[in-house]
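Please open the model in the viewer and keep the sequence panel beside it. The stops below are given in the order in which they may be selected.

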Amino acid sequence: MSISPGINTFTDDVRPLKIAVEGCGHGSLDTIYESVNQACATKGWLISDLDFLIICGDFQAVRNSLDLNCMSVPRIYRQLGDFHKYYSGASVAPVLTLVIGGNHEVSNYLFELYHGGWLAPNIYYLGAANVIRYGPYRIAGLSGIFKNSYYRKPHGERLPYSKDDIRSIYHVREFDVRKLLQIQTQVDIVLSHDWPTGVEMFGDYERLFARKPHFLESAKVDNLGSKPAAMLMNHLRPGYWFSGHMHIRFSADVEHAVTNTTTEFLALSKIGPDKQFLELKEIKLCSNTRPQEEPSYFQRGEDGKFFLQYDAEWLAITRAFADGLMIKDPSTLNIQQGKLEKACVASIPKHIKWVQEEIVKKDLLPVPKNFTIHAPVYNVEAEEGTTSHQQPVEYENSQTAQLYAILQIPNKFALSPETG
């Protein structure tokens with residue numbers, strides 16, 4: 001990796017990214033990648049021209065049949081899907097794929113990677129909430145969907161899951177939203193599964209309500225979409241926002257009077273015949289007037305493309321809020337008490353300085369390609385004896401452990417004191 005000559009500030013030219021955006025994945029990776037390949041050919045591109053593919057939730061990272069019992073999907077609709085081939089290495093994603101979680105997920109696997117990580121080689125999950133870098137581009141993600149009754153609860157679900165746990169675990173939590181609300185510098189792209197509340201009013205809402213009358217009924221009582229996502233839209237004001245969930249294509253230009261800027265919003269449908277589930281786009285940086293960036297963010301790989309890196313501001317926020325995270329202790333199943341938000345916020349400047357000294361200056365920003373198989377890969381013969389309700393054990397993911405080690409904070413996801 002090397003810093004490209006002449007590209008070290010936002011006043012220099014940074015080429016637009018070529019990306020693909022897909023709505024809800026529903027476990028159909030083979031079809032998605034083939035559709036991306038076909039769309040590129042139609043446009044005169046090669047799939048290798050793409051910087052990355054975004055999948056806006058309901059990804060369904062099923063590693064084996066036991067994972068199916070941790071999905072909030074009626075049993076008759078549960079399918080193994082294609083992901084297990086990418087997890088085992090039998091297939092490889094042909095393009096860097098960025099994923100957020102929806103409401104039909106293998107929640108146990110995503111929980112292992114709460115802070116984000118590689119679900120499989122070249123397939124990166126952004127975690128419950130995150131900001132990552134692709135070169136100078138900042139990409140934020142919020143997984144799950146909003147429901148007020150779960151919003152202020154801690155992350156209290158841990159294997160083995162009850163029926164209530166399986167329904168609650170994929171809901172957005174205030175703790176993760178509050179972290180994203182601490183971001184003070186420009187974000188280029190935001191991903192969410194459900195739409196920000198009110199976004200429909202910035203597009204052709206009459207056509208939308210004509211096609212989906214029940215959307216109108218929800219909108220009348222301010223119950224269409226996610227209120228936390230709307231807060232983030234107003235705070236982050238990104239150049240682009242991509243969503244899924246509603247199973248319909250919808251676009252809007254959201255104007256921000258405070259900054260005289262616009263967010264280009266695009267929601268896409270689920271994969272399927274005659275569904276508008278995929279689009280190719282070229283996107284630009286939101287602004288070339290942001291503060292001088294770290295030269296590290298302009299490094300390119302051997303293929304001439306940018307690559308994933310940690311976001312320094314987000315690492316500082318993660319460190320600052322580490323003591324506020326409340327999850328169940330794996331040995332007692334009691335929820336660990338966390339530090340109050342006010343104290344977490346007050347400590348952010350201290351952690352920004354720490355990140356500069358211990359992460360940035362030590363060249364630890366590049367996201368390591370450290371995917372490791374923990375759960376058994378799918379094997380038809382080996383899984384014949386599993387019961388229809390049997391759940392997997394919890395695995396301590398080495399990627400999460402390595403991130404905590406880099407940040408030099410205790411690992412609350414460790415399964416034993418020795419590994420925390």
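Select Y134 first, and then Y137 in β8, which is its bridge partner. Strands here are DSSP runs of E with at least two residues, helices are runs of H or I with at least four, and both are numbered from the N terminus. The model is predicted, so that local features need pLDDT of at least 70 and side-chain atom pairs count only at pLDDT 80 or more, while totals for chains, interfaces and linings use all residues. Residues are numbered from 1 along each chain as its sequence is written, and side-chain values use heavy atoms, with hydrogens and water left out.

Two strands are said to pair if DSSP finds at least two bridges between them. The hairpin of β7 and β8 has two residues between the strands, and G135 there takes a positive phi near 60°.

Is β8 mostly covered or uncovered? It is mostly covered, with six of its six residues buried; buried means under 20% relative accessible area, exposed over 50%, and partly exposed in between, for a 1.4 Å probe and protein chains only. Y137, I139 and G141 point one way from the strand, whereas R138, A140 and L142 point the other way.

On to strand β9 (residues 189-192), which pairs with β8 in the parallel sense over four bridges. Within β9, L191 stands opposite G141.

Display the whole sheet next. Seven strands form an open, mixed sheet in the order β11-β12-β10-β9-β8-β7-β15. β11 (250-256) and β15 (308-310) each have a single partner strand, so one side of each is left without a neighbour in the sheet. On average, neighbouring strands are turned by 25° against each other, direction ignored; axes are lines fitted to C-alpha atoms, for helices over the stretch in contact, and angles run from 0 to 180 degrees between N-to-C directions.

Helix α9 (residues 227-236) lies across β8, β9, β10 (240-243), β11 and β12 (261-267), and runs at about 165° to β10. Helix α10 packs on the sheet as well, touching β7, β8 and β15, and its direction makes about 155° with that of β7. Contact means heavy atoms within 4.5 Å.

Keep α10 (residues 312-320) and select helix α12 (residues 348-360): their axes come within 8 Å and cross at roughly 120°. That makes α10 oblique to α12, since angles under 35 degrees count as roughly parallel, over 145 as roughly antiparallel, 65 to 115 as roughly perpendicular and the rest as oblique. Among the residues that make the contact are L315 and I317 of α10 and W354 and V355 of α12.

Which loop holds T197? T197 is in the loop between β9 and α7 (205-211). At 17% relative accessibility, T197 counts as buried. Leaving aside neighbours within four places in sequence, T197 is in contact with D222, L224, G225, S226, K227 and A230.

Finally, select the other sheet, in which six strands form an open, mixed arrangement in the order β5-β6-β4-β3-β2-β13. Its edge strands are β5 (117-120) and β13 (278-283), each pairing on one side only. Three bridges join β5 to β6 (residues 123-125), and the two run antiparallel. A120 stands opposite I123 in β6.
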